[in-house]
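This briefing walks through selected features of the structure shown below, grouped by topic. Please read it alongside the sequence and the coordinates.

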Amino acid sequence: MKTDRETASSMKKQGCEIEAIGINYKIHNKNKNHCSFKILTKEPHPLHNHIQAVDPEPEPEPEDVHHQQASKLDQKVQEPSFSHGVRHVLKDVDCRAKPWEILAIVGPSGAGKSSLLEILAGKLTPQSGSIFVNEKPVDKAQFNKTSGYVTQKDTLFPLLTVEETLMFSAKLRLRVPPHQLSSKVKSLMEELGLSHVAGTRVGDERVRGISGGERRRVSIGLDVIHDPKVLILDEPTSGLDSTSALQIIDMLKTMAETRGRTIILSIHQPGFRIVKLFNSILLLADGSVLHHGTVDQLGLNLRLMGLELPLHVNVVEFAIDSIETIQQSQQALHQETLPQLPSSTTQHKKGDKFTLQQLFHQSKVIDEEIISSGIDFPQDFANSRLRETVILTHRFSKNIFRTKELFACRTIQMLISGLVLGSIFYDLKDDLTGTEEKVGLFAFILTFLLSCTTEALPIFLQEREILMKETACGSYRVSSYAIANGLVYLPFLLILAILFTIPLYWLVGLNHNFMAFLHFLLLIWLILYTANSVVVCFSALVPNFIVGNSIISGVMGSFFLFSGYFISKHGIPKYWIFMHYISLFKYPFEGFLINEFSKSGKCLEYLFGKCMVTGEDVLREEGYGEESRWRNVMVMVSFILVYRFISYVILRFRCTQKGLKDALL
């Protein structure tokens, strides 16, 4: 009886065979016309456990099988890609990818290559069809944890170094002791050819870093750090020069041959040397399969169809250029061979010409080796929620302190703003005029602090893309991300609050009581954290920076209008009074007034040597009292928690594509 280790070793040696049968995928374009301005856009992620047909066709009678197969072949050629606002992206696509090999999906733009890859990776759900791993259907959520999917776009943190990027991914995805992580990452960097840039920042369009080819290798490294059995890549050579592209494919070929991985990739116009590295080719055109087999078989089939390969042109590029000729020939052959299909022994020939699809089925060889259907899927996350939070907080902190726009510039901004405001409102008097100026100062502070946080919006939007990619493959929980995102900004915003408060408070001459100073500092800290929470919430909701900036500015303006500064609570119409109570400006504004005038002993107006108006009188007239001091603080904390929770629900909804009820649970 085999031990668990021997069984796992056997499965690892055999690998995973991926097979797709009858994949049909349609896009309803008319929905986009009905909702062209869509705020909440969901990126596709796993929804169902298995790919099932939405509208299954009734099982045909045995005598009609051949006739219906011929009709499908003919329909795939004749059916237009667009019909009544529906685009048929994939039409009855069958394919198979074997371990230890590379399957390259090729075809012209719009052929359906990326859609097929996303379906194989479990990111899209087709209308009909089935996907099997080692001849058995597999739970997509679990399959995502044992496979890797590299998108065409490099979604990386530009300010982390290559080694840090891979190390954080290893910490989140591997269940190995800490002392083994370093050796694992170094070994992977050597395999990827990245050892010489280990300490260099990844970079992007704005931040100088490693080259495009090296950045693509880092993206691949993130998805092979957990040693997946299946690796799916969407145009890994896109945007690279011929040398870098060859290096990437050669590296993938080595991975397939040495580690037994099943590698599926799409590629656009590969060169001679790259084509030689492919074990099999899947040629797509208008969502239909024209060839599935080796490169040599493709060349043979083209010659049998009367298409001679020109000099200095590789066979894949020539096949793509000859798509229309192939389709016309295929359509004619389907129509002529239709009456002969009921006979299973009929040879489909005409002038020694065959369709590529027929030749594939005739020359297709089924391996005699039976591949094990058992797969060792990880059943849970690699780390506890606490461990995930610690790792993500560490990664967040590195990004914050290395982002000049967010840390250095913001720190200088807050210090200079405190000094400038302190010099403008220097040593205000304790009279009615000074009181009016203090109220104006408090209003400006609120407007300034709550409105100057949108510069972090692009960073949150970038983090959202990385979050969705990492949670889709089971790296960590969305809740761990939400907690880490909330914790990492607490000390950073406290530093900003101290730099802003110290010069402002003492230069203006506000309440000299030290406890009043600490309460003022607490209010500034909570204001900054509230603004940060609002930005986090809307960054989870909006599709891009322009929409997010517009919405946040409008919301903040509305809150300021109903804060009680421009119009008192008693003057607000009843049907708008709810805005007063949900305004983010109301409670800190009241807190500033209470902190300055409550129990301060200040007399604001004298008449004949007698105090006529005190600070408490002003508060009493507005309906504020000492009992509201900590209530306002608790309301501000509640706002922070509410916005953070809303952002978590939206992110959970986006990442899992579940319903709202499931996202809340």
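Glu191, Asp227, Arg259 and Arg261 are joined to one another in a network of salt bridges. The model is a predicted one, and a search of the whole structure finds 15 salt bridges in it. The points below take up individual charged pairs, then a histidine in a strand, and then the region that a UniProt record annotates as transmembrane.

**Salt bridges**

- Glu19 and Arg96 form a salt bridge in which the closest N and O atoms are 3.0 Å apart; because Glu19 lies in strand β1 (residues 18-28) and Arg96 in strand β3, this pair ties together parts that are 77 residues apart in sequence.
- Both partners of that pair, Glu19 and Arg96, are buried.
- Arg216 forms a salt bridge with Asp154, again with 3.0 Å between the closest N and O atoms, and the pair links distant parts of the chain, since Arg216 belongs to helix α8 (residues 212-224) while Asp154 sits in the loop between β7 (147-150) and α6 (162-173), 62 residues apart.
- Arg216 has a relative accessibility of 6% and therefore counts as buried, the cut-off for that class being under 20%.
- Lys253 and Glu257 meet through their side chains in a salt bridge with an N to O distance of 3.6 Å; the two are four residues apart in helix α9 (residues 242-259), so about one helical turn separates them.
- Within this pair, Lys253 is buried, with a relative accessible area of 12%, whereas Glu257, at 46% relative accessibility, counts as partly exposed.

**His88 in strand β3**

- His88 is found in strand β3, which runs over residues 86-97, and its relative accessibility of 8% places His88 among the buried residues.
- The side chain of His88 makes a polar contact with the side chain of Asn24 at 3.2 Å, and the side chain of His88 also reaches the backbone oxygen of Leu90 at 3.0 Å.

**Annotated transmembrane spans**

- According to the UniProt annotation, which comes from an unreviewed entry, "transmembrane region" covers residues 407-426, 441-461, 482-508, 514-538, 545-567 and 633-651.
- In the model, the span of residues 482-508 is 100% helix and 0% strand, and its end C-alpha atoms lie 38 Å apart.
- The span of residues 545-567 is 74% helix and 0% strand, with its end C-alpha atoms 32 Å apart.

- Gly486 has its place in helix α19 and, at 7% relative accessibility, counts as buried.
- Leaving aside residues up to four places away in sequence, Gly486 touches Tyr529 and Arg644.
- Gly486 and Val536 are 50 residues apart in sequence, while their C-alpha atoms are 9.2 Å apart in space.
- Ile498, Ile502, Trp506, Phe514, Met515 and Leu518 make a nonpolar surface patch of about 580 Å², to which α19 (478-508) and α20 (514-541) each supply at least two residues.
- Ile498, which is also placed in helix α19, is partly exposed, with a relative accessible area of 33%; this value passes the patch criterion because that criterion asks for over 30% relative accessible area.

Note on methods. Residues are numbered from 1 along each chain as its sequence is written. This is a predicted model: local features need pLDDT of at least 70, side-chain atom pairs count only at pLDDT 80 or more; totals for chains, interfaces and linings use all residues. Side-chain values use heavy atoms; hydrogens and water are left out. UniProt positions are given in the numbering used here, feature names are shortened, and annotations may be inferred rather than shown by experiment. Patches are made of residues with over 30% relative accessible area and no salt bridge: like charges are joined within 9 Å, nonpolar side chains (Val, Leu, Ile, Met, Phe, Trp, Tyr) within 5 Å. Accessible areas come from the Shrake-Rupley method with a 1.4 Å probe; for residues, only the protein chains shown count as cover. A salt bridge is a side-chain nitrogen of Lys or Arg within 4 Å of a carboxyl oxygen of Asp or Glu. Buried means under 20% relative accessible area, exposed over 50%, partly exposed in between (1.4 Å probe, protein chains only). A polar contact is a pair of N or O atoms within 3.5 Å; within protein, one must be able to donate a hydrogen and the other to accept it, and residues adjacent in sequence count only if both atoms are side-chain atoms. Contact means heavy atoms within 4.5 Å.
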